[in-house]
Amino acid sequence: MLIPLSTEQKQSLLWLSVALALVVLLALLGPVLMPFVVSGILAYVLNPWVDKLSAWRIKKWSLPRPMAASITILLLITAVLAMVLVIVPILQKEIPQLQAQIPRFFDKFDQTLSPLLAAHGFNIRLDSAGIKDLLTEQLAGSGDVIGKAVLSSIKVGGTAVLGMLANLLLIPIVLFYLLLDWHALLERLSHFIPRRWVSATTSGLLEVDDLLAQYLRGQILVMLVLAAYYSIALSIARFDLAIPVGIITGFLVFIPYIGYGLGLALALIGAVLQFDGLQGLIAVAIIYGIGQLLESFILTPRLVGERIGLHPLTVIFALMAFGQLFGFIGILVALPASAIISVAVRHLRSSYLNSTFYSQS
């Protein structure tokens, strides 16, 4: 026998269905939402700076918020362009060198491994010549990486390239309007929360905001410091690929252990290729050992904070899971979504431990 629903239950079911339909619609519109999601994340990170600029006063004159938002966006674009102008020439110079060094690495690997295998009765040799031919064929003309990639993309699908460029151009425009109306937008969104949930929702969102503020802003500083440290340290050790390897290691540190591991692997390969003795490997061990100590015991505790609550494995799983489910958009929202989930789980755990279901013996 079906129990009839009350009016309130019917309304709750209706609005839950509407919310579910909205989530499905947003998932289907994933590619279109990319500039809006990126702009939303950037607006969240940059809004405190816009607030500080707009509150800055010279005598009786204060900086209008549209001008503060424009200045902040221009500084962001300048930083991104500066990074591109530094990295692209380095890659154009270093990739042909890496192309020439990789076959040498396979030769050294074969010379070291083959005798060890032969001593145990395995007569296996690495086909270095075949690998060289394959690499030469695949990497030929790789000096002009940017131009080749663009031309290849245009051949595959000019519409996709135009769409990507349109999205990139749309990001600053969307970001400007989000920064301009950030507080008004949050106020409007707060009116959609059911009144009986306002207090709990507001409390949870403040927790999420505090967690993300510590993580994002602190992590950016950690990335910049570590990128500078590894680039300078590897340059002092006279590594040819010092700057790109240092930048990669520093900027991927937001993925715990993976960024560090990838940078360490690249540095070790560079040491094997460039140096004949063990001095290169010893230099890598010292530089990356000090870098790990610097990150773990000084930078992360002071700049990120010890009460973030996101375990490194949680971050890795969130990036992989959301990337698998929602693609690039999933990767962008993985961190804020995992923060929201962690706060929800914390409240759920507290409610469970305080419930009679748990406490009854």
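Student: Which residues does UniProt list for "transmembrane region" in this chain?

Tutor: The structure shown is a predicted model, and the annotation comes from an unreviewed UniProt entry. For "transmembrane region", that entry lists residues 13–46, 67–91, 160–180, 220–239, 245–269, 281–304 and 316–345.

Student: How far apart do the end C-alpha atoms of residues 220–239 lie?

Tutor: Residues 220–239 are among the spans that UniProt lists under that name. In the model this span is 85% helix and 0% strand, and its end C-alpha atoms lie at a separation of 25 Å.

Student: Are helix α7 and helix α8 roughly parallel or roughly antiparallel?

Tutor: The axes of helix α7 (residues 198–236) and helix α8 (residues 242–251) come within 7 Å of one another and cross at roughly 155°. Because angles over 145 degrees count as roughly antiparallel, the relation of α7 to α8 is roughly antiparallel.

Student: How many residues of the contact of α7 with α8 are charged?

Tutor: On the α7 side the contact is made by M223, L224, L226, A227, Y230, S231, L234 and S235, while α8 contributes A242, I243, V245, G246, I247, T249, G250 and F251. Sorted by class, the residues of this contact comprise eleven nonpolar and five polar, and the number of charged residues is none.

Student: Which side chains meet in a salt bridge?

Tutor: Side chains of opposite charge can pair when their charged atoms come close. A search of the whole structure finds one salt bridge, with an N to O distance of 2.7 Å. It links distant parts of the chain, helix α2 (residues 30–55) and helix α3 (residues 65–119), through partners 14 residues apart. The two side chains are those of D51 and R65.

How values were computed:
Residues are numbered from 1 along each chain as its sequence is written. This is a predicted model: local features need pLDDT of at least 70, side-chain atom pairs count only at pLDDT 80 or more; totals for chains, interfaces and linings use all residues. Side-chain values use heavy atoms; hydrogens and water are left out. UniProt positions are given in the numbering used here, feature names are shortened, and annotations may be inferred rather than shown by experiment. Helices (H or I, at least four residues) and strands (E, at least two) are DSSP runs, numbered from the N terminus. Axes are lines fitted to C-alpha atoms, for helices over the stretch in contact, and angles run from 0 to 180 degrees between N-to-C directions. Angles under 35 degrees count as roughly parallel, over 145 as roughly antiparallel, 65 to 115 as roughly perpendicular and the rest as oblique. Contact means heavy atoms within 4.5 Å. Ala, Val, Leu, Ile, Met, Phe, Trp, Tyr, Cys and Pro count as nonpolar, Asp, Glu, Lys and Arg as charged, and the others, Gly among them, as polar. A salt bridge is a side-chain nitrogen of Lys or Arg within 4 Å of a carboxyl oxygen of Asp or Glu.
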